[in-house]
Amino acid sequence: MLSNPALAALQRFAAQHPDIASAGRIGLAFSGGADSTALLLAARSFWDRQRLIALHVNHGLQPSAPAFAAHCARFCAAQQLPCAEAQVSVDVGRGQSVEEQARDARYLALAELARQQGCTVVLLAQHGDDQAESVLLALLRGAGPRGLAAMPARMLRHGVLFARPLLDCGSAELRAWLTAQGVAFLRDPMNVDPAFRRSRIRAELLPVIAQLEPAYRQTLGRTAALCAAADAQMQWRASDDLRRCAVPDGLDLAALRSLGAERLSEALRLWLRLRGQRLDRARTDELVRQVLRSAQGAHHLELQLPLGVVRRQGRLLVFHPRDPARPRT
């Protein structure tokens with residue numbers, strides 16, 4: 001009889017992260033799909049069920065969303081596990097990604113559910129194939145070490161600890177085990193929709209890569225781990241640079257210019273990330289260019305961002321948050 005690969009992965013993960021293994025209340029992000037179903041059953045076997053609660057987020061993006069929520073509630077009842085649900089709306093602005101907005105809304109909803117239910121950690125069911133896809137997506141958009149680090153095994157987001165114990169599992173083995181056990185799971189049509197780049201990578205590119213490199217999960221996972229280590233070093237240096245450039249009302253422009261373009265880029269990205277801003281490469285390069293030009297008497301320095309604006313103010317670089325009640329001009 002096949003053993004649950006999710007349970008084996010969870011046991012390995014718990015040995016590496018004893019603080020998570022000993023958590024008093026554990027949330028399980030549960031969509032009803034194969035991966036989260038395998039993880040839920042593994043957690044049900046590994047921990048006492050009184051410590052567990054399933055957390056389901058209903059994005060409402062598909063007509064079948066209510067049926068998905070009903071399936072999750074029934075499945076959890078059969079497993080004698082409580083299930084908490086949150087309904088969220090996803091507002092996609094011009095030029096924004098549906099996937100990215102839905103992901104951000106999901107993490108925020110999961111964090112709020114976790115706090116409501118007294119969970120100290122939330123387990124996510126992303127696996128090795130998801131990690132490989134994330135690395136390939138990052139490569140295709142020209143990401144640096146931070147993007148290529150893909151999905152960390154654990155992270156703090158919205159004040160809640162999230163963990164991914166299945167990153168050394170493959171999608172096929174999880175599904176094979178569920179099928180062998182006769183366990184029903186949902187199939188999300190968005191996962192096979194060719195309109196999404198990730199779906200095309202999954203359906204068209206990964207099978208070719210698997211023929212060329214059967215151990216692609218481990219190989220790309222190692223790439224992600226090495227990039228995460230490199231990014232950690234870069235962030236440490238950027239944090240140190242920011243401390244040396246910081247003054248009470250902003251950042252000293254002369255100190256920023258002394259960093260040079262590469263270190264300046266990382267320092268500015270970290271500075272704005274700490275203020276809730278995501279800076280793409282084009283806007284990063286533009287801001288670096290303007291800061292360096294300020295040494296040549298260029299007094300005008302301004303960069304509009306989704307949640308505010310960066311401006312020169314005398315010898316300082318300052319960030320002004322946007323008033324949410326005031327429309328952007």
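Me: Buried means under 20% relative accessible area, exposed over 50%, and partly exposed in between (1.4 Å probe, protein chains only). Which class does F46 fall into?

Reply: F46 counts as partly exposed, because its relative accessibility is 31%. This is a predicted model, in which local features need pLDDT of at least 70 and side-chain atom pairs count only at pLDDT 80 or more, while totals for chains, interfaces and linings use all residues. Residues are numbered from 1 along each chain as its sequence is written, and side-chain values use heavy atoms, with hydrogens and water left out.

Me: And W47, buried or exposed?

Reply: W47 is buried, at a relative accessible area of 6%.

Me: How are the rings of F46 and W47 arranged?

Reply: Their centres lie 4.9 Å apart and their planes stand at 85 degrees, so the pair is edge-to-face. Rings of Phe, Tyr and Trp (its six-membered ring) pair if their centres lie within 6.5 Å; planes under 30 degrees apart count as stacked, over 60 as edge-to-face and the rest as tilted.

Me: How many aromatic pairs are there in the whole structure?

Reply: The search finds three. One of them is F30 with F75, a tilted pair with 5.8 Å centre to centre and 40 degrees between the planes. F30 sits in the loop between β1 and α3 (34-46) and F75 in helix α4, 45 residues apart, so that the pair links distant parts of the chain. Both F30 and F75 are buried.

Me: Switching to the sheet, what is the strand order?

Reply: The open sheet has six strands in the order β3-β2-β1-β4-β6-β5, with mixed pairing. Its edge strands are β3 (83-87) and β5 (154-157), each pairing on one side only. Helices (H or I, at least four residues) and strands (E, at least two) are DSSP runs numbered from the N terminus, and two strands pair if DSSP finds at least two bridges between them.

Me: What joins β1 to β4?

Reply: Strand β1 (residues 26-29) runs parallel to strand β4 (residues 121-123), and three bridges join them. L28 stands opposite L123 in β4.

Me: At what angle do α6 and α9 pack?

Reply: Helix α6 (residues 128-140) packs against helix α9 (residues 197-212) at about 105 degrees, with the axes 10 Å apart. That makes α6 roughly perpendicular to α9, a class that covers 65 to 115 degrees, with under 35 counted as roughly parallel, over 145 as roughly antiparallel and the rest as oblique. Axes are lines fitted to C-alpha atoms, for helices over the stretch in contact, and angles run from 0 to 180 degrees between N-to-C directions.
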